[in-house]
Each structure stands twice: as structure tokens, then as C-alpha cells.
Amino acid sequence: MSSTYNHLAGRSLERIGALSDGVFAIAMTLIVLEIRLPELEGAADNASLWSAFVTLGPAFITYVLSFLTLGIFWNGQQTQLSYLAGADRHLAWLYLVFLALVALMPFSTSVLSEHTGLSLAVIIYWANIALLGIAIYACWAYATHAGLLTADTPAAADAAIRRRIIAAQLLYLGGAALSLLSPTVAIGFIVLVQLNFAIAPRIPILSRI
């Protein structure tokens, strides 16, 4: 029985996982390169170095925020891959779109780092996260529709993964909305959201998402 190339391509979950790990590792490294100590005026001393270091506060906050963001999405993709029995070219391309948006994170991080006081910078950063959420949801939705999940995948896992993505995106949307009132408060709120998903505190109302 003959097969077309499209039926043969993109079937390796191992290669998808390996490429994903590489893209995430590079993106996580690039975001720290946005932290650059400004040049010291005149002769360098402890006071001038400390003063320059303090000005990097927003850059460190956005670094932590983006590292948490990337870690959460990496963990989310690994969770999806662990329930897949196989892949096809459509799923491979959906994950490539997802990774393209991961690779965009250093740029949106730099925008936010340099303009933390502007609501538009927060909205641009949120848009990157929103597109990541849409992409990773599309990957999972396609995998379930195409019958690519393992035979023993419980229905509860499907529901939990979908609920997690939707709940997170709604919280991020709330953070973007807060930026219209105060960009600083919005950034703080999103950091708390990311810490919740990273630490997973045993608080009933939070553990359900």
C-alpha cells in the first residue's frame, strides 16, 4: 500500500521534544542578555556601581517573569507530549508555530524591560503570552481530535489540560487589563500568577486551576 510524503512526515515525538528543549533553552538564555549594566560616569567606585545596579531592578523583574513564563509553557508542552502516542506533520507544524512564539519572548521581554511604565509594553508582552496560549491549546486540541493520544489517557487529563490553559489565559488577560490603570501593578499581578503556576501552592481555590 503506497503512502504519500505527508503521511510519513513529522511522526517523531522525540525530535519534536528535542527541538523544543533547544528553543526553550536558547530563549531562556537570551532573556538574561537584556540585563546590561549601564556605563559608569567618571571613575568607578562602590557608590556609582551600586547606583547603576539599582537601576537594573525592572530588568531583573522582567527576567524573572519571562523565565517563569517560559518554564511554565515548557512544562505544559512536556505534559502534552507525555500523553501522545505519536505525531503527524500537522501536529509537528503546530508545535513549530508554538516554538516560533517561544522564540519571540526575548523581544517582548526587552520591550517590557525598557518601558515598564507604559501600558502598551505590558499589552505587547501579554499578546505574546496570549498567542502562546492559543498555540499550545491548538496543539492539544488537534492531538485529541486526530486520535494521537495514548490509549490509557484519562478523560480527566484532557479536561485538566484544557482548563489549565483557559484559566491561565484569563488571568493573564486580567493582568493586561490592569495595565490600563497601572503598568507596575499589572506586572506585579502577572508575576504572582506565574509564581502560582510554578510553585503550585496547596490552596483549594488555586489548586483547581
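**Ground rules.** I am working with a predicted model, in which local features need pLDDT of at least 70 and side-chain atom pairs count only at pLDDT 80 or more, while totals for chains, interfaces and linings use all residues. Residues are numbered from 1 along each chain as its sequence is written, and side-chain values use heavy atoms, with hydrogens and water left out.

**Overall fold.** I looked up the secondary structure and found 10 helices and zero strands in the protein chain; helices (H or I, at least four residues) and strands (E, at least two) are DSSP runs, numbered from the N terminus. Along the principal axes, the C-alpha atoms fill a box of roughly 75 × 40 × 30 Å. The protein chain has 209 residues, of which 39% count as buried, where buried means under 20% relative accessible area, exposed over 50% and partly exposed in between, with a 1.4 Å probe and protein chains only. I also noted that, among contacts with a separation of 6 or more, 76% join residues 24 or more positions apart; contact means heavy atoms within 4.5 Å.

**Aromatic rings.** I found six aromatic pairs in the structure, counting rings of Phe, Tyr and Trp (its six-membered ring) whose centres lie within 6.5 Å, with planes under 30 degrees apart called stacked, over 60 edge-to-face and the rest tilted. One of them joins Trp50 and Phe53, and this pair is stacked because the ring centres are 5.9 Å apart and the planes stand at 25 degrees. Both residues belong to helix H3 (residues 46-54), where they are three residues apart and so separated by about one helical turn. Trp50 counts as exposed at 57% relative accessibility, whereas Phe53, at 39%, counts as partly exposed.

I then turned to Tyr63 and Phe67, whose rings form a tilted pair, 5.9 Å centre to centre with 50 degrees between the planes. These two lie four residues apart in helix H4 (residues 57-82), which means about one helical turn between them. Tyr63 is partly exposed with a relative accessible area of 22%, and Phe67 is partly exposed at 35%. Elsewhere, ring pairs link Phe24, Phe73 and Phe98 into a cluster.

**H4 against H7.** I checked the axes of H4 and helix H7 (residues 119-145), which come within 11 Å and cross at roughly 5 degrees; axes are lines fitted to C-alpha atoms, for helices over the stretch in contact, with angles from 0 to 180 degrees between N-to-C directions. The two helices are therefore roughly parallel, on a scale where angles under 35 degrees count as roughly parallel, over 145 as roughly antiparallel, 65 to 115 as roughly perpendicular and the rest as oblique. Phe73 of the ring cluster is among the H4 residues that meet H7, and Trp140 is one of the H7 residues there. The contact divides into eight nonpolar, six polar and no charged residues; Ala, Val, Leu, Ile, Met, Phe, Trp, Tyr, Cys and Pro count as nonpolar, Asp, Glu, Lys and Arg as charged, and the others, Gly among them, as polar.

**H4 against H9.** For H4 and helix H9 (residues 183-199) I noted axes 10 Å apart at an angle of about 40 degrees, so this pair is oblique. The contact includes Leu65 and Leu68 of H4 and Ile187 and Phe197 of H9. By class, this contact has 10 nonpolar, two polar and no charged residues.
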